[in-house]
Amino acid sequence: MQRVTAQLVVAAVLSLLSERCWADGGGGGGGGPVLAERVIWAVNAGGEAHVDVHGIHFKKDPLEGKIGKASDYGVRLPILRSSPEDQILYQTERYNEDTFGYDVPIREEGDYILVMKYAEVYFAQSQQKVFDVRLNGHVVVKDLDIFDRVGHSTAHDEIVPFSIRRGKLSVQGEVSTFNSKLAVEFVKGYYDNPKVCALYVMKGTLEDVPKLQPHPGLEKPEEEEEEEEDSEGGEESGRKKVPPGSKNRVQSGPRTPNPYAADNSSLMFPILVAFGVFIPTLFCLCRL
């Protein structure tokens with residue numbers, strides 16, 4: 001009897017440990033279920049409901065038949081930087097010929113993240129589709145040109161952190177009154193129509209947001225990044241950009257003045273000789 005009781009206790013302990021590991025590790029999906037629980041609102045714009053690899057449940061577009069137009073033009077294209085299972089989130093979209101948006105109900109205070117998913121599947125050059133994004137009247141993304149950012153048929157996420165405390169919305173250094181509704185607006189600009197492929201709002205910080213696969217064409221060598229840091233504020237501080245390969249060069253002494261910088265005698269000598277020959281010749285010709 002004691003042996004059976006001991007086995008039951010061991011089994012119960014193992015079960016509790018297993019549940020704790022599942023909660024801490026997010027199940028077998030690398031934190032998916034935990035991340036999904038933080039998401040309070042998610043929509044697949046212009047498309048049907050979808051559950052992504054992180055367990056986030058994207059609802060069918062609630063604007064269907066109400067405002068704008070849904071497009072699945074991108075389904076014929078593979079989307080770079082996105083997992084095969086979630087390409088549909090970048091292949092469908094909603095656009096409108098005027099400013100449009102979504103209202104997200106938020107009833108709890110805290111730190112939040114707005115994630116907007118995009119892919120340019122139509123235009124093949126920059127300055128063809130450019131628009132802004134507003135959050136309760138605050139411009140949080142200015143002059144978004146998807147093609148200019150990542151190119152054609154490539155996933156791109158715009159990530160905007162914000163916080164809600166004591167009835168106030170704080171985003172990018174600006175504060176406004178918050179009344180339980182987050183208005184996400186895609187603002188009509190001079191170039192074509194605003195759009196969005198998918199979007200969601202989650203509780204957390206920037207570190208909690210899943211990252212897209214790296215874009216090889218946008219990766220900068222470390223040396224270039226260091227040179228850009230060295231050259232920041234060049235006009236204000238008077239510093240000049242350091243050319244590649246000269247960052248560690250040691251100067252052998254004070255700069256030697258250019259001996260030809262202010263000496264123009266070498267240029268005047270041929271002119272003086274020409275005048276010296278021309279004047280006597282002209283005098284002789286006049287006497288003839």
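Predicted model: local features only at pLDDT ≥ 70, side-chain atom pairs only at ≥ 80, totals over all residues.
**Notebook: salt bridges, cores and a hairpin**

I started with salt bridges and counted 12 of them, taking a salt bridge as a side-chain nitrogen of Lys or Arg within 4 Å of a carboxyl oxygen of Asp or Glu. Residues are numbered from 1 along each chain as its sequence is written, and side-chain values use heavy atoms, with hydrogens and water left out.

I looked up Asp61 and found a salt bridge with Arg94, with 2.5 Å between the closest N and O atoms. Asp61 sits in the loop between strand 3 (57-60) and strand 4 (69-71) and Arg94 in strand 5 (residues 93-95), so this pair ties together parts 33 residues apart in sequence.

Are Asp61 and Arg94 buried or exposed? Both are buried; the word means under 20% relative accessible area, with exposed over 50% and partly exposed in between (1.4 Å probe, protein chains only).

Glu64 is in the loop between strand 3 and strand 4, 30 residues from Arg94. Glu64 is partly exposed, at 45% relative accessible area. So I can write down Asp61, Glu64 and Arg94 as a network linked by salt bridges, because a side-chain nitrogen of Arg lies within 4 Å of carboxyl oxygens of Asp and Glu.

**Entry: Asp111 and Arg165**

Next I checked Asp111, whose side chain meets that of Arg165 in a salt bridge (2.9 Å, N to O). Asp111 belongs to strand 7 and Arg165 to strand 10 (residues 156-165), so parts 54 residues apart in sequence are tied together. Asp111 is partly exposed at 36%, and Arg165 is partly exposed at 43%.

**Entry: Lys129**

Where is Lys129? I found Lys129 in the loop between strand 7 and strand 8. Lys129 counts as buried, at 7% relative accessibility. The side chains of Lys129 and Asp192 are joined by a polar contact of 2.6 Å. (A polar contact is a pair of N or O atoms within 3.5 Å; within protein, one must be able to donate a hydrogen and the other to accept it, and residues adjacent in sequence count only if both atoms are side-chain atoms.) The Lys129 side chain also reaches the backbone oxygen of Asn193, at 2.7 Å.

**Entry: the cores**

I then looked for nonpolar cores, meaning sets of buried Ala, Val, Leu, Ile, Met, Phe, Trp, Tyr and Cys residues joined through side-chain atoms within 4.5 Å. The largest has 32 residues, and Tyr102, Met116 and Phe162 are among those with the most contacts inside it. Strand 7 (residues 110-118) gives the most to this core, with four residues. Another core lies apart from it, with 17 residues, including Leu35 and Phe58.

**Entry: a hairpin and the whole chain**

Strand 8 (residues 130-135) and strand 9 (residues 138-144) pair in the antiparallel sense over four bridges; pairing needs at least two bridges found by DSSP. Leu135 stands opposite His138 in strand 9. Two residues lie between the strands of this hairpin, where Asn136 takes a positive phi near 50°.

Last, I noted seven helices and 15 strands in the protein chain. Buried residues make up 35% of its 288 residues.
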